Amino acid sequence: MTRIIDANLITDTVKDLFIKANTCLRPDILAGLKQARKNETKEKARYALDVIIKNAFIAKKKMLAICQDTGMAVVYLKVGQSLIVKGDLKKAAAKGVALAYKKGYFRNSIVNDPLVRKNTNTNLPPIIYTDIVPGNKINIKVVAKGFGCENVSKTRMFRPTDPASSIEGFVVDAMKDAGSGPCPPVYIGIGIGGTLDKAVFLSREAIFRRLGKNSKYKHIARLEKSILKKVNNLKIGPIGVGGSVTALGVSILTYPTHIAGLPVSVNISCHATRTQEATI
Amino acid sequence: MSPFAERRKVNTMRKIVLPLTKDIIKTLKQGEIVLLSGPVLTARDAAHKRLRDALKEGKKIPVVLKGETIYYVGPSPHRKGEVIGSCGPTTSSRMDPFTPLLLKHGLIGMIGKGERSKEVNLAIKKHKAVYFITIGGAGAYLSEKVKSAKVVAYKDLGPEAIYRLEVRDFPVIVGQV
């Protein structure tokens with residue numbers, strides 16, 4: 001049945017999601033950090049994890065940004081085809097971003113042009129993806145993506161005949177090259193298949209999956225576990241001080257691809273992985 | 001586990017009073033955790049580019065680098081009554097192309113996150129300077145270690161302006177000496 005909502009509802013929801021994402025660490029990520037702290041034996045790594053956990057506690061209590069890099073705002077709108085939004089949907093979402101960054105005292109990190117580089121002072125524009133799905137609801141997902149880890153993310157087009165082990169090597173090397181820059185322990189999102197852009201898109205979507213959960217496909221779940229083990233064997237450790245946890249988890253999403261290709265994208269996300277989601 | 005477990009560790013850490021001197025730096029060991037108290041300047045990408053351009057053109061720069069410590073940070077705004085918003089380190093390697101020049105002009109300490117280039121590590125040794133690593137992504141925690149903050153140059157750069165911060169018991173790990 002057709003349903004009508006006002007675009008203001010989109011604005012409010014997007015605003016609330018970004019405020020929550022930037023100040024309240026995801027419970028699954030926090031649980032992952034606490035588990036890592038419990039397992040860690042190296043003194044410096046334990047100290048770093050203690051500070052990271054206490055940071056989440058302070059941020060939540062004071063409604064303060066978990067990390068000063070409150071990121072570039074990415075918004076995913078899955079709009080039910082029987083839903084009518086009164087007003088301008090994309091403008092409403094962007095307004096929600098601007099309000100969240102102002103109200104939340106978040107840093108404005110967006111420049112107007114990649115070469116001219118003048119701060120827009122609103123954290124606008126966001127990146128908005130839309131999708132049409134059945135139903136009369138709208139699903140809104142947001143990511144506040146910091147660039148310390150964005151800068152070390154990588155994509156490569158493999159040969160279709162390359163073994164899964166070469167993908168493992170690619171991901172492990174990406175993390176090795178990144179070192180402690182992306183704020184380990186990280187959550188690694190990987191997209192495999194589709195086209196160049198689809199693989200990148202999947203790698204971002206992958207970090208929405210609850211930490212600790214593996215792919216429903218057995219061969220992919222195996223690959224996730226194997227990559228996690230190899231990344232942790234790098235012993236980069238929390239903030240690079242060494243130790244047993246360099247990554248909290250690995251999440252892979254796949255899509256059918258072309259006979260001639262095997263695109264792979266690695267999206268490294270810091271220990272302050274900031275995503276939120278709501279359906280209205 | 002208590003969220004305050006880090007406090008027990010903090011009580012036993014060595015404290016360093018800023019500004020740094022070559023004599024203090026001599027005593028620092030790579031990998032050692034220390035707590036810094038005193039004044040630091042902030043600067044990140046855009047401010048570094050301006051400093052470099054001015055120095056190359058022989059112009060006067062708005063800060064004195066001699067004996068100074070720079071913290072690579074672009075803080076988030078603060079609420080009324082607070083000193084500073086979230087203020088964790090940004091990736092230091094982006095400042096690598098500018099660092100040897102600043103060291104030549106007297107910069108003695110740096111605070112950031114991540115590894116530095118070979119060239120920068122050599123320059124740090126040559127100038128008897130130090131690179132500290134602090135806890136990336138812990139901007140809320142670190143904001144409690146900042147006691148005052150004031151913009152001193154390049155105000156138009158917003159979060160990328162140069163601030164003078166006064167820090168107390170600010171935790172860092174000696175990355176390179």
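**The sheet and its surroundings**

Guide: In chain A, 4 strands make up an open sheet with mixed pairing, in the order β6-β9-β7-β8. This is a predicted model, in which local features need pLDDT of at least 70 and side-chain atom pairs count only at pLDDT 80 or more, while totals for chains, interfaces and linings use all residues. Residues are numbered from 1 along each chain as its sequence is written, and chains are lettered from A and ligands numbered from 1 in the order in which they are written.

Visitor: What makes β6 and β8 of chain A edge strands?

Guide: Strands β6 (154-158) and β8 (247-257) of chain A each pair on one side only. A strand here is a DSSP run of E with at least two residues, numbered from the N terminus.

Visitor: How do you know that β7 and β8(A) pair?

Guide: Two strands pair if DSSP finds at least two bridges between them. Strand β7 (residues 186-194) of chain A and β8(A) have 9 bridges, in the parallel sense, and therefore count as paired. One bridge joins A:Gly191 to A:Leu253 in β8(A).

Visitor: Why are domain 1 and domain 2 of chain A called domains?

Guide: Their bounds come from an automatic or database domain assignment. That assignment divides chain A into domain 1 (3-23 + 66-145) and domain 2 (147-274).

Visitor: What does each domain of chain A bring to the contact?

Guide: Domain 1 of chain A gives 10 residues and domain 2 of chain A gives 7 residues; residues are in contact if their C-beta atoms, placed from the backbone, lie within 7 Å.

Conventions
Two residues are in contact if their C-beta atoms, placed from the backbone, lie within 7 Å.
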